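Here is a short tour for anyone who likes to see how a chain is put together. Take a look at the fold before reading on.

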Amino acid sequence: MSDPAITRIGVAIDIPEPWGSALTRRRAEAGDPQAAWTPAHVTLLGPTEVAADALPAIEKHLEEIASAQPAFTVHLRGTGTFRPVTDVVFVALAQGISECELLAEAITRSEDVRRDTRFPYHPHVTVAQDVPADALDAVFEDLAGFSARFEVASFTLFSHGGEGPWRPRRDFPLGR
């Protein structure tokens with residue numbers, strides 16, 4: 001991304017410890033190169049290019065969304081896959097799905113956030129992507145019994161300069 005007038009953002013819910021690092025580590029063990037750049041999270045807005053000068057308005061929009069959404073519980077449980085459509089294995093949400101869907105939909109209501117999506121929104125935590133089938137199968141089996149329950153009190157706006165890890169730009173507390 002060489003145009004300074006454009007920046008890439010994403011919005012996500014971080015997975016707290018001890019689960020976040022465990023899921024990121026398992027993704028790395030599967031051979032997924034994204035594990036080095038992208039810690040475990042539930043995406044609310046995937047990588048999206050926006051005008052750099054629109055960031056203040058986007059942040060104001062995110063503040064309004066966050067203040068209107070009370071904190072909620074996420075329960076991660078078991079695994080799922082998007083195969084054969086895409087080579088992805090994920091940890092599934094058993095609770096918190098509708099809250100994530102409402103947040104994701106509200107985020108894309110901003111005039112400054114235009115996102116063409118290939119697939120419908122489905123909240124999840126990716127734990128292996130674009131790795132050999134045997135690695136996908138192993139992660140699917142290894143995490144089939146995974147379970148974690150935690151309170152979501154905020155979401156985070158991230159930015160990405162084209163190389164290296166995604167960087168947190170700002171947290172947005174819920175229900176303020």
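Which pattern does the chain follow when read along the sequence?

## Overall fold

In this predicted model, the order of elements is β-α-β-α-β-β-α-β-α-β-β-β. The chain is as compact as a globular protein of its length, because its radius of gyration of 16 Å is close to the 16 Å that the globule rule gives for 176 residues. In total there are four helices and eight strands.

Along the principal axes, the C-alpha trace spans about 45 × 40 × 25 Å. Among contacts between residues at least 6 apart in sequence, 75% join residues at least 24 apart.

Let's turn to strand β7, which covers residues 154-160.

On one side of the pairing list is strand β1 (residues 6-14), joined to β7 in antiparallel fashion by five bridges. Here Leu157 of β7 stands opposite Val11. Strand β8 (residues 167-173) also pairs with β7 in the antiparallel sense, over six bridges, and Phe155 has Phe172 in β8 as its bridge partner. β7 and β8 form a hairpin with six residues between them. In that turn, Gly162 has a positive phi of about 105°.

## Surface and charge

Of the 176 residues, 45% count as buried. The chain exposes about 9,200 Å², and carbon and sulfur atoms supply 51% of that area.

As for charge, the chain has 16 positive and 25 negative charges, and their mean positions are 3 Å apart.

Definitions and conventions. Residues numbered from 1 in each chain as written. Predicted model: local features only at pLDDT ≥ 70, side-chain atom pairs only at ≥ 80, totals over all residues. Heavy atoms only, no water. Buried < 20%, exposed > 50% of the residue type's maximum accessible area, 1.4 Å probe, protein only. Helix = DSSP H or I, 4+ residues; strand = E, 2+ residues; numbered from the N terminus. Pairing = 2+ DSSP bridges. Rg over C-alpha atoms; globule rule 2.2 N^0.38 Å. Contact = heavy atoms within 4.5 Å. Areas by Shrake-Rupley, 256 points an atom, 1.4 Å probe, with all protein chains shown as cover. Lys, Arg positive; Asp, Glu negative; His and termini not counted. Charge placed at Lys NZ, Arg CZ, Asp CG, Glu CD.
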